[in-house]
Amino acid sequence: MSNLPFVSSPWLKKLDLYIIKKVLGAYFLMIILLVSVAIVFDISEKIDTLADATLKEIVFDYYVNFAWYFSNLLSPLITFIAVIFITSQLANNSEIIATFASGISFHRVMVPYWISAAVIAVMTYILSSFVIPPANEVRLDFLAKYKNAYKRETNATNVQLEVEKGVILYIGTYEKSLKRAYRMTLEKFDGKTLVSRTTAQFADYDTLGHFELRKWVTRDFVGMQETMTSGERKDTTLNVDTEDFFVYREMQQQMTNAQLEHYIEKQRRRGVGSIQEFEIEYEKRHSQPFAAFILTTIGFALASKKVKGGMGMNLGIGLALSFSYILFDTISATFAISGGLSPRIAVWIPNFLFLLIAIFLYRRAPK
């Protein structure tokens, strides 16, 4: 009736290994299949672009890094489908029933599933936090070079940031290649009172925040009195990195966790408001590992019972729930980017909703 090793408690460790191998085996097999299909479609779409690159660049700079990115992107969906597939297979072969009949409880059978989810969660976190960001940088640089996509800007316009408490920097245009800022203004405040304003037609950037102002004018304000000084050249040092002037497409995906956290904190201190995409990326890297546990629980609760529709019915339900999770995730992130919702709340809403579904199904399944 079954080939599942379950006879008595001494065999429980063997049962755990059996299920873990099944779930993780299905997970990695599906990743390989889906990534392979994605690569085939991507090659057909970019065939003209790839013709200009060397084989080494195509394989190692683009598609190896593409595989890392794509597999991690689909990890929640693949986890859910793998659990549904394996559990439905065990249920259809009456192996789940045989396990329960041997005295092993429903909750105990969940243990190897949660161990599998833990392996996937840890792997997802390590990949998204440390491996994929530098891989994305190489992949996007390849696209910038050969497809003219994700091209990094060389000029920044309308720069405004707080370089230190009470000191606001404005730059009309900054040319990265020349390291030159045009129409530069530096304002100093005491509370809400403007005490000094320095303007320069242009300024050359050296290193460590050092700017040499050209054709500058400084106005100092004391009460109703104003004192003006001017000159051709003046050195000034600001707590600023010119890379902060540039925000390019998919920039947040190229930062490790430490870089992302540092960037967000620095921009918050400077009063920069448009950092929602960076905050969403940071929160997603922490919420996605938890999704592995939630979706694994839902998948097992749904598929552990043998139904008339068989595996096809369970897979259909699983796919519907998977895509609804992705839909919720996308919609909530959109609200956060538009500024109507906190990025942290937006990213965790799908997990919270599906956690309630998981608890309901988990409590209902043994009955």
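Predicted model: local features only at pLDDT ≥ 70, side-chain atom pairs only at ≥ 80, totals over all residues.

**Exercise 1.** Find which residues make the nonpolar surface patch of about 820 Å², and which helix gives the most to it.

*Solution.* Start with the members: L55, V59, F60, V64, W68, V122, I126, F130 and V131 make the patch. Next, look at the elements: α3 (55–73) and α6 (106–146) each give two or more residues. Of these, α3 gives the most, with five residues. Finally, check one member: L55 lies in helix α3, and its 65% relative accessibility counts as exposed because the cut-off is over 50%.

**Exercise 2.** Describe the salt bridge between R108 and D16.

*Solution.* First, the distance: the side chains meet at 2.9 Å, N to O. Second, the place: R108 sits in helix α6 and D16 in helix α1 (residues 12–45), so the pair ties together parts that are 92 residues apart in sequence.

**Exercise 3.** Work out which helices are tied together by the salt bridge of D329 and K284.

*Solution.* Begin with the contact: the closest N and O atoms of D329 and K284 are 3.5 Å apart. Then place the partners: D329 belongs to helix α9 (residues 310–337) and K284 to helix α8, so parts 45 residues apart in sequence are tied together. Last, compare accessibility: D329 is buried, at 17%, while K284 is partly exposed, at 28%.

Key
Residues numbered from 1 in each chain as written. Heavy atoms only, no water. Patch = residues over 30% accessible without salt bridge, like charges linked within 9 Å, V, L, I, M, F, W, Y side chains within 5 Å. Areas by Shrake-Rupley, 256 points an atom, 1.4 Å probe, with all protein chains shown as cover. Salt bridge = Lys/Arg side-chain N within 4 Å of Asp/Glu carboxyl O. Helix = DSSP H or I, 4+ residues; strand = E, 2+ residues; numbered from the N terminus. Buried < 20%, exposed > 50% of the residue type's maximum accessible area, 1.4 Å probe, protein only.
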